[in-house]
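Hi there,

Here is the structure I promised to pass on to you. Have a look at it first, and then read on for what turned up.

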Amino acid sequence: MKAPFNTILSICLVLFLMSCEEDITPDPTLYKSQYVVEAYLEKSENALPPYLLLTRSIGFYAKIDSVVLKNLFVHGAKITIEANGNSYALEEICLNQLPEPLRSEVLNGLGINSDSLAIDFCAYADLNGSIPLNVGQSYHLQIVVGQDTLRASCYIPLSVNIDSIWFGNLPGKQNDSFAQAFCIIQDNPQYRDFYRYFTAGKGESLVPNFSSVTNDFFFDGQRFKFTLNKAQSPESGFSDTTGYFRRGDTVTIKWCTINDEQFDFWNTLEVSRTRQGPFSSYVRIKGNIDNGLGIFGAQHCQTYRIFVPFK
Amino acid sequence: MMNKTAGAILLFILFQGALSSQQKFTVHGYITESGSGETIIGANIHDVNNQSSGVSSNNYGFWSMTLTEGEYELVFTYTGYTEEHRKIVLNKNLELNVKLKSGLELEEVTISSEEIKKNVRSTEMGTQVMNTDIVKRMPALLGEVDILKTLQLLPGVSSATEGTSGLYIRGGGPDQNLVLLDEAIVYNTGHLLGFFSVFNADAIKNTKLIKGSAPAEYGGRISSVIDVQMKEGNNEYFEAEGGIGLISSRLTLQGPIAQNKSSFIISARRTYALDLAQPFIRNTNFAGTNYYFYDINTKINYRLTNRDRIYLSGYFGRDVFKFSNNDRAFGVKLPYGNATGTLRWNHEIRNDLFSNVSLIVNNYDFRLDAGQEDFSVVVKSGVKDISCKADADYYPSNKHHIKFGMRYTYHRLTPNLVSATNGEVDFVSKLETKFGHESELYFLDDWILRPGISLNTGLRFSNFIQVGPYTGRLNNYQSGEFVKSYLVPEPRIYFNVSTGPNSSVKGGMSVNSQYIHLVSNSGSTLPTDIWVPSTERVKPQLGFQYSLGYFRNLLSNEFEISVETYYKDLYNQLDYRESYVEDFSSEVEREFVSGRGRAYGLELFIARKKGRLNGWVGYTLSKTERWFSEIEKGRVFPATYDRPHDLVLVGSYRLSPSWQCSANFIYATGRAYTPIQSLFIIDGRPNVEYGPRNSARLEPYHRLDISMVYDNSSLKRSRFHHSWAFSIYNVYNRKNPFFTYTDFSSQIYSGNASARAVKVSIFTIIPSVTYNFSWSSRPKILNNESPI
């Protein structure tokens, strides 16, 4: 009796687990082109100057090749940022206009691997560094493209530095090659703080973690100890050492306070990217661009370069 | 005001009784099942010479008729049971307890025409009573007999996602169904993310579904009522029954404690799929990982006197998920479930006045414990209610059945309270547990105005008082301090006008309010969803329903046909604001937006209740819409569970005394979903911009299920019987999409990126087999001919 029962059980479990996948094509008539803005004001040492990427949204193409990609970028827009009553224009500049060392530095700052870049990349930037970046200052962005006008605002928040960073053993099973990072911050008790961080291993560009933002609801005003995972993209998969730093590397950690709208944007965007599955519902990404998609964000950052000691 | 109303009702009853006592006498009693002593709910009693007026046994099996002095022949009928006749000489008040023989005990079942005509004669609309024996014969997913999934086969009822037991009834959300188990509200009706209902069919006597036109005795939800009654326990002999299935095993024990005086039932069920896998899991990095659910139903009753009965019933169910990753010293434990308890006292105040007083407690709690070395987090949420209620059935004449009563509930609703520690500092969320007092008072009269015209009029007053602690818009309220009160009058009126001996037109309207809400941010309800009360910020939901229907029986009552239409106006509907992301740091009620809804439709139902081949066809044409000023600027969009077309065919055929086959076929419009409108690049990666909410549909859903049941019960008189149930879910392997997802390559600036959208089907063809057995201390022959 036992053997047939187990056989039936096995067959049924296999059938149950044998879910089927089929590709579908989203309705192309739903496509509606919108402007997409990705712009940052960053107050920190070694920050890129204020810059803005202006693209268009695209339909759900099965293949996004270099031609499709190149056509995304919007050229010839009139872009200004107004601060404290003064207006500052951003100039359009493309990567191929930059000398090589600067080009690599810019791509690294944008988290883009220069070796795999297939297109000329254009942005609008405050090339002269004329926009004053002050804590608490409000900035108002205006983009004029033909008949269309896009607007957004942001402010630069106070900085909250990491007081100390150290590395410890991995929890559970021993691993001599990797270490876990611990940090302590003293959260600001007077404000609702929002945080975002990036990390880079040896020879890597700084990238945000797939879940890169948090607020201080649970530790408002407290001295707070936490583990800091090595950033990775959601596509890179998980392994036993995901989130840990390789011993012997000099790693970079960029720790930023961000404005609330930028927190909402990244929070909804990161959840939207991972919200897949039978019980999930969609999340509409919440940007702060009037008449467009994307984010005009401000951040106040500190960058730490630390050696991960051998065990 | 309330005291005056109650006093007037009491005076009316006493005065009416005094006036009538000289001309009329009352015959009353209980109707029970022969062989088990189980009370029968909703059995019909009428005078053989006056078929147009009669009464039904109430929720406790009690009935009463007040007639003028004389000789009568009373007929007792109930679907699936033989008709019983009793001749009486009524020259004094009389107690008459009747036992009906069920189809399970008989060689042949004849169904009374009068019983079948009940659907034509009563004022009930949109109401179906589902006998558990019928449910057990239906094809079942993975062999798990499921009452709620069987209800999904009725017109006007659907599930949000395939395989789940959540009910969406006439355009109402799952939280808008009043689900009662022995009068206790069940807040979470699903095990295993809703794939299996919490109701163990072995412990359930019957299930009544009211799709909208609920009489005044029901309240607290704006969509429907699912009233589940547990068995009371065989009070004549001992029985044991159980089953072994692919997913779970069950065992039920019942019997008399004192013969015909007291009995008990205890029923338990537990899953074991991952228990069987433990020997393999134990040797891996994931040792300690497991999932199971179990539930226990129990009930005892005691007859104190001929006029007093006490019932104590309880339910306890848990889902337990444990995950361990020993390499990472990481562990999660996630237990959740319901517990309910009901203490009832039935008392016959007079021969024509029956009362029930209940004390009810229920508790739904969810808990998550997770930890890794020094770090740990605990999340807790739930609902705890303590209720007391008193109901009375009054039968002043055979033209009136008056019901009145009250209920009081103290609610304690815990949001997702988080406490965490990093080994040095403890963190506790500052969210507030909410408290409320809910009170209800109702009165209704089911009145036969004259032969062929009946009226069910009722009025219900409901009141909800929120008390502190609470952080309001302007004030902070202390514990127990009054915050906000809502009072809603809820009139209900239904009529039945006979249009012939076998046909009638019924109609009505009702107003319903709801003070406890659950808003889900997922495609289906999940145990992590939390219930919230009406507060200063959250107004009670209101529902206005209008319905009209034509009911007719054909071919000597062999076929029952009904066409019902309904229109629902819904106010203060709740949803999450656009771009809401679950966040333990915010009061969930501040993330709600309030809006409107409407649902309307037409339901066609044709049933054959006699013969070897029986079953039904149900078709629903409907529309369900919502709109919120803060979502897409008030655009009207279809609800996720909007199903314009829904067709169900259910059939059962008795091949031989021991073999029975059943099948059901379902076709429904595909589920509404929010489509991708475009992609945009941020941070070097593609992101999705969604189009208008629920503006696209998955492809139509359809499937065929079949089952064969072999049962040796009718072959010999024996103490031991067994049966095999073979079932195939989705026979022709239709790949119905369960969900969709998108997949992107991340290196978009390489100029070599791609995007794909994928639909996933989970429930392909699934065969199953279940072995059932029963033992009784008294040998018996069972017959499984009881029709649907």
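This is a predicted model: local features need pLDDT of at least 70, side-chain atom pairs count only at pLDDT 80 or more; totals for chains, interfaces and linings use all residues.

The partner of A:Thr199 turns out to be A:Val207. That pair belongs to a set of five bridges between β12 (residues 194-200) of chain A and β13(A), and the two strands run antiparallel.

**The sheet in chain A**

Both strands belong to an open sheet of eleven strands with mixed pairing, ordered β9-β8-β5-β6-β7-β3-β2-β17-β16-β12-β13 in chain A. At its edges are β9 (148-155) and β13 (207-215), each of which pairs on one side only. From one strand to the next, the twist averages 25°. Helix α4 (residues 260-274) of chain A packs on this sheet and touches β9, β12, β13, β16 (250-258) and β17 (293-307). The helix direction makes about 125° with that of β13(A).

**Where the chains meet**

Between the chains, 68 residues of chain B are in contact with 71 residues of chain A. On the chain B side, the elements giving two or more residues are β44 (676-682), β45 (685-690), β49 (739-744), β50 (752-761) and β51 (766-780). The largest share, ten residues, comes from β50(B). By type, the chain B side divides into 32 nonpolar, 27 polar and nine charged residues.

B:Ala370 has B:Val377 as its bridge partner in β25(B). Two residues lie between these strands in their hairpin, where B:Glu373 takes a positive phi near 50°. A hairpin through two residues also joins β25(B) to β26(B). Here 19 bridges link β25(B) to β26 (residues 400-421) of chain B, again antiparallel, and B:Ala392 is partnered by B:Phe404.

**Nonpolar cores**

The largest nonpolar core has 72 residues, and B:Ile147, B:Leu151 and B:Leu180 have the most contacts inside it. Leaving aside residues up to four places away in sequence, B:Leu180 touches B:Ile185, B:Ile226, B:Asp227 and B:Val228. Apart from that core lies another, of 71 residues, among them A:Val37, A:Cys256, A:Phe296 and B:Tyr749.

Happy browsing, and do write back with any thoughts.

Best wishes

Definitions and conventions:
Residues are numbered from 1 along each chain as its sequence is written. Chains are lettered from A and ligands numbered from 1 in the order in which they are written. Two residues are in contact if their C-beta atoms, placed from the backbone, lie within 7 Å. Helices (H or I, at least four residues) and strands (E, at least two) are DSSP runs, numbered from the N terminus. Ala, Val, Leu, Ile, Met, Phe, Trp, Tyr, Cys and Pro count as nonpolar, Asp, Glu, Lys and Arg as charged, and the others, Gly among them, as polar. A nonpolar core is a set of buried Ala, Val, Leu, Ile, Met, Phe, Trp, Tyr and Cys residues joined through C-beta atoms within 7 Å. A residue is buried if 20 or more other C-beta atoms lie within 10 Å of its own, exposed if 12 or fewer, and partly exposed in between; C-beta atoms are placed from the backbone. Two strands pair if DSSP finds at least two bridges between them. Axes are lines fitted to C-alpha atoms, for helices over the stretch in contact, and angles run from 0 to 180 degrees between N-to-C directions.
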